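Here is my note on the model, written for someone reading a structure for the first time. Please keep the sequence and the coordinates open while you go through the points.

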Amino acid sequence: MAALKSVPLLLGLLAPAAAQARVLGSDAEACIQRDQPAIEVAVQGLKDRTGNLKLELYPATEADFLRDDRDLLAEGKFFHRVQTTSPQAGPVTLCIKAPAPGRYALFMTHDRDNKNKFNVWTDGAGIPSNQRIGRSKPTLAQAVVNVPRGVARVTVRVQYLRGLIPSFGPVTD
């Protein structure tokens, strides 16, 4: 009988672990092991669960943020991308490795049409500051993340084109 009384207590202790999101993406192990510089991104506000989710990590300079990755790599600069299929249900957590502790710019996209090219009319975008993107490209200041020796944790709320005068914002305020 005493063993039966401890079952609710045991289930209560296990529930928080079960509710946590599985870390997604090819760099997931870095966030799980927590032994190298990485960014763990809790994604919120997805319009739907179609297509792919993508994280891109850039040098934290005005000149390099959102530049074409081929140009950055050709110049010997850092750029890293992680892409994964959008999970059908549950919390969404992605991970992207950084080359070393430091300051980086992070940009997240929801490629809803699976064309691997940002479609302003259908796709979503997110930045770590979660400030409303509006009608222009996000700024470097909105995208900066400081990565420690371990894992930085950020929440990104995805924004989509919406409104009578179209601009990027969250699906719900």
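Is Tyr58 buried or exposed? Tyr58 counts as buried, because its relative accessibility is 4%, where buried means under 20% relative accessible area, exposed over 50% and partly exposed in between, with a 1.4 Å probe and protein chains only.

1. On the basis of the values. This is a predicted model, in which local features need pLDDT of at least 70 and side-chain atom pairs count only at pLDDT 80 or more, while totals for chains, interfaces and linings use all residues. Residues are numbered from 1 along each chain as its sequence is written, and side-chain values use heavy atoms, with hydrogens and water left out.

2. On the aromatic rings. The structure holds four aromatic pairs, where rings of Phe, Tyr and Trp (its six-membered ring) pair if their centres lie within 6.5 Å, and planes under 30 degrees apart count as stacked, over 60 as edge-to-face and the rest as tilted. One of them joins Tyr58 and Phe65, whose ring centres are 5.6 Å apart and whose planes stand at 85 degrees, so this pair is edge-to-face. Phe65 is buried as well, at 7% relative accessibility, and ring pairs link Tyr58, Phe65 and Phe79 into a cluster.

3. On a tilted pair. The rings of Phe118 and Phe168 have centres 6.1 Å apart and planes at 35 degrees, so the pair is tilted. Because Phe118 lies in the loop between β6 (102-111) and β7 (124-126) and Phe168 in strand β11 (residues 167-170), the pair ties together parts that are 50 residues apart in sequence; strands here are DSSP runs (E, at least two residues) and helices are runs of H or I with at least four, numbered from the N terminus. Phe118 is partly exposed, with a relative accessible area of 38%, whereas Phe168 is buried at 8%.

4. On the disulfide. Cys31 and Cys95 form a disulfide with their sulfur atoms 2.0 Å apart, the rule being a pair of cysteine sulfur atoms within 2.5 Å, and by this rule the count comes to one. The torsion about their S-S bond is about 85 degrees, so the disulfide is right-handed. Cys31 lies in helix α2 (residues 28-33) and Cys95 in strand β5 (residues 92-97), so the bond ties together parts that are 64 residues apart in sequence. Cys31 is buried, with a relative accessible area of 2%, and Cys95 is buried too, at 0%.
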